[in-house]
Amino acid sequence: MSTRIVHRFAALALAVFAADVGAAQLAVRAKKAWTLAGAPIDDAVVLVEDGKIRAVGKAAATPIPAGWQVLDAAVVTPGLIDARTTAGLTGILNTRHDQEQLDASAALQPELRAIDAYDAREPLLEHLRSLGTTTVHAGHAPLALISGQTLVAKLRGATVDQAVLVPAAMVSCTLGDASTGVAPGKTPGTRSKAVALLRQELVKARELRDKRAAAEAGKAPDRDLRLEALVDVLDGKLPLLVCAQRAKDIDLALRLREEFGFKLVLEGAAEAYLRIAELKAANVPILLHATMSRPGGELENLSMATASELRKAGIAFALETGHEGYVPKVRVPLFEAAIACKQGLAFEDALRAITLDAARILGLDARIGSLEVGKDADLALWDGDPFEYATHCVATLVDGAVLFRGSK
Amino acid sequence: MLVTLLLSLAARATAADEVHAFVGARILPISGPPIERGVLVVRGARIEAVGAADKVSVPSGALVHDVSGKWLMPGLVDTHSHIGEASGADESAPIQPDARILDSFDVRAPSLQRAQAGGITTCNVMPGSGHLLGGQTLYFKLKDANSVEDLAIRWPDGAIAGGMKMANGTNSRGEPPFPGTRAKSAALVREKFIAAQEYERKLNEAGADASKRPARDLGMEALLEVLRGKRIVHHHTHRHDDVLTVLRLQKEFGFKVVLHHVTDAWKVASEIAAAGAPCSLILVDCPGGKLEARDLNWGSPAAVVAAGGRVSIHTDDWINDSRLFLRCAGMAVRGGLSREKALEALTLEGARQLELEARVGSLESGKDADFVVLDGDPLSVYTHVEQTWIEGAKVFDRGDPRDKLWAVGGYGAGNARVLHDCCGERHAEDER
């Protein structure tokens with residue numbers, strides 16, 4: 001027993017700073033492959049070459065070329081995608097020096113870039129990778145009216161530049177309790193004031209955009225990092241990721257989109273089940289709160305069955321893990337999807353919520369999220385049903401490189 | 001309203017004599033091997049019999065519950081929780097043995113309903129870990145109660161049951177009068193226990209002469225209960241050296257101790273086992289959140305058991321959700337603990353760590369009729385708690401929409417439970 005535990009730790013320790021090494025050619029044999037591109041395949045083989053998926057099919061129809069490294073598993077799935085986390089900005093120690101998810105000096109700071117704060121060597125990311133995660137949408141926390149930008153990174157490499165897929169993915173905005181009182185005694189102190197400030201800033205950004213468009217050559221208005229980020233929001237280059245838990249705050253987000261026409265992605269949405277028709281009509285994708293989020297404060301009415309309700313209604317969503325201030329310091333996509341499945345979401349839909357459907361909302365479904373020929377070879381291997389408590393991740397591949405191996 | 005109240009009181013009186021027989025389930029008594037298609041007979045608040053269908057007959061007149069295909073196991077025992085919105089010590093001092101959870105417990109908090117939905121029947125609610133000694137804990141049953149006395153567990157002498165919460169490491173440190181270092185933490189605790197020993201000596205010297213007794217001191221009286229083994233120390237501790245400090249203090253003062261959380265248990269498993277100190281472990285989804293929890297490992301329960309130690313598992317609710325208490329044991333199995341030990345850790349071993357094993361923790365005749373009905377293997381993610389029974393009364397039924405709201409969540413799940421057995425029930429319906 002103790003030997004096994006020690007092995008597990010050795011594996012973790014070695015993997016933390018592991019270089020991106022692996023066979024250029026590798027085959028995965030699995031009793032079941034959830035490709036998410038058609039029905040699951042029993043007795044499957046996935047061939048990986050030069051970081052891409054070269055073939056997926058029945059073992060009988062997918063011969064493994066001689067000399068290729070072979071990995072065996074009970075189940076293979078696409079590498080998991082955390083649709084929204086603060087890991088990488090948030091660190092494991094939870095002390096001042098490893099908490100980069102919020103600067104509390106001002107309520108509106110869209111100019112803060114995740115890429116300037118993301119630590120690719122953060123142990124929390126290693127933990128996520130040991131549980132099948134290969135991609136994270138990470139960034140500033142939903143703890144201020146606008147806290148900053150997000151990025152999308154693969155869980156690979158020792159630097160943010162080696163890891164990053166999308167350097168600026170979205171701008172994080174929060175409506176509700178967290179949007180007020182970021183700095184004690186400072187504005188905004190109420191929801192109405194928060195929205196007034198946000199609208200004022202978006203109006204300014206719109207004016208800047210108009211001035212730029214109208215300016216004669218050489219007479220462009222002065223640069224303004226803050227407003228430029230919001231111009232990107234108005235232009236649809238950066239979606240506004242609006243965290244809204246209460247139904248009234250979801251209404252608020254829809255009202256703002258109506259006024260300014262930005263690309264809206266909703267985050268959290270604990271009371272989304274009260275606004276099914278409105279959300280369906282608005283065609284807004286949702287990064288739904290972690291299933292096991294604590295039912296208190298603005299999330300007091302959260303339901304572990306909301307994912308299932310959204311699915312039934314045909315509303316696009318993925319599961320996020322969000323931000324945690326204490327323990328657990330990050331949540332794990334695998335575990336959150338498992339509980340959504342327990343509470344009524346079909347197995348494949350739960351898996352999609354942390355793979356392909358997340359990739360779609362992030363605009364990366366041509367590259368990641370399913371096991372299809374030509375896609376990145378991001379794979380998670382399991383020794384049983386991935387959602388079962390006692391199942392282990394036996395290997396995680398990122399771009400074809402085996403970056404985690406379990407002790408089993 | 002009065003009529004309703006009288007009727008419900010009458011119903012309660014009847015329930016005390018009711019006989020229920022649960023037949024057809026796979027019964028996990030915990031104190032013995034699983035029983036396929038077993039029979040559980042409940043008379044009033046106690047278990048009358050449990051066994052195979054050919055050994056236990058259904059008494060005539062029993063209300064028969066066909067639970068074929070279900071699993072039935074003892075109600076879960078949570079050795080460390082913070083439900084009920086209770087508080088213990090305040091910020092005036094690091095050691096406050098006089099503060100009682102009993103005096104601040106909200107029996108209508110929705111967190112209690114969630115615990116019922118998770119299959120928890122017995123619970124130890126504690127003050128937080130921000131103090132070296134944060135006050136007296138409360139052992140209670142998850143009954144639908146109107147007062148804390150209704151649900152508190154009592155010792156045979158009538159005293160309300162509970163332990164004493166202590167902590168070391170970083171949570172209990174702070175600005176003076178709180179300790180600034182680990183050594184100072186231990187020194188303050190030793191000083192206080194020595195004072196309690198002196199207090200006891202003076203009491204003994206005074207003997208029957210009341211005029212010579214020291215003035216009553218509520219804190220000292222509580223510490224005497226600790227020194228005399230009437231009140232178990234439930235000690236929050238994470239880092240390996242902090243664990244050993246607890247064992248050192250235990251050896252010096254001889255109190256009974258249960259180690260709680262014990263993040264680094266896997267590093268000092270043999271020392272823990274050698275000291276005979278039981279562990280109440282936490283399993284969190286991710287290491288960290290603070291330096292002393294950085295090395296959290298799901299292998300800890302298995303490591304302690306392999307070393308010969310005793311392990312229960314707790315929610316630490318608000319850290320882990322009481323509704324998913326079974327999941328905590330699942331995570332311990334993920335870390336290498338046997339299924340049998342994992343289920344015992346949720347039930348009988350927890351009962352032992354609260355010294356309540358004569359009453360709860362297993363399905364045996366004479367014990368309290370506290371049990372859960374599940375729709376499958378308790379260690380599978382897909383399994384739901386269908387019913388929770390405490391002392392022969394059903395307190396949770398997933399088939400009841402009101403109970404399901406607590407179990408799954410939804411609009412109104414954050415509201416406090418209002419009065420039961422009376423007009424409140426109607427109000428609760430109206431709110432939804």
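Domain bounds here come from an automatic or database domain assignment. The model is predicted.

**Domains of chain A**

On that basis, chain A is divided into domain 1 (2-79 + 372-405) and domain 2 (80-361). Their centres, taken over C-alpha atoms, are separated by 30 Å. Domain 1 of chain A brings 21 residues to the contact, and domain 2 of chain A brings 25 residues. On the domain 1 side, two or more residues each come from helix 1 (2-16), strand 4 (69-78), strand 15 (393-398) and strand 16 (401-405) of chain A. By class, that side of domain 1 of chain A holds 15 nonpolar, three polar and three charged residues.

**Contact between the chains**

Chain A and chain B also touch. The contact joins 37 residues of chain B to 37 residues of chain A. On the chain B side, helix 8 (300-306) and helix 9 (325-334) each supply at least two residues. Helix 9 of chain B gives the most, with five residues. The side of chain B that touches chain A divides into 20 nonpolar, eleven polar and six charged residues.

The two sides by class:

**Core and a buried alanine**

The largest nonpolar core has 256 residues. Those with the most contacts inside it are Val46(A), Ala337(A), Leu381(A), Leu40(B), Ala329(B) and Ala332(B). Beyond four places in sequence, Val46(A) is in contact with residues including Val28(A), Ile53(A), Val76(A) and Leu379(A).

Ala307(A) lies in helix 8 (residues 306-313) of chain A. Ala307(A) counts as buried because it has 28 C-beta neighbours inside 10 Å, and the cut-off is 20 or more. Leaving aside neighbours within four places in sequence, its contacts include Leu288(A), Phe317(A), Ala340(A) and Ala353(A). His289(A) is 18 residues from Ala307(A) along the chain, and their C-alpha atoms are 9.2 Å apart.

**Helix 4 of chain B**

Helix 4 (residues 182-206) of chain B has 25 residues. From first C-alpha to last, helix 4 of chain B reaches 37 Å, close to the 36 Å expected at 1.5 Å a residue. Its buried residues are Ser185(B), Val189(B), Phe193(B), Ala196(B) and Tyr199(B). These buried residues pack against helix 5 (218-227) and helix 6 (240-253) of chain B. Just after helix 4 of chain B, Gly207(B) takes a positive phi of about 55 degrees.

Methods. Residues are numbered from 1 along each chain as its sequence is written. Chains are lettered from A and ligands numbered from 1 in the order in which they are written. This is a predicted model: local features need pLDDT of at least 70, side-chain atom pairs count only at pLDDT 80 or more; totals for chains, interfaces and linings use all residues. Helices (H or I, at least four residues) and strands (E, at least two) are DSSP runs, numbered from the N terminus. A residue is buried if 20 or more other C-beta atoms lie within 10 Å of its own, exposed if 12 or fewer, and partly exposed in between; C-beta atoms are placed from the backbone. Two residues are in contact if their C-beta atoms, placed from the backbone, lie within 7 Å. Ala, Val, Leu, Ile, Met, Phe, Trp, Tyr, Cys and Pro count as nonpolar, Asp, Glu, Lys and Arg as charged, and the others, Gly among them, as polar. A nonpolar core is a set of buried Ala, Val, Leu, Ile, Met, Phe, Trp, Tyr and Cys residues joined through C-beta atoms within 7 Å. The expected span of a helix is 1.5 Å times one less than its number of residues.
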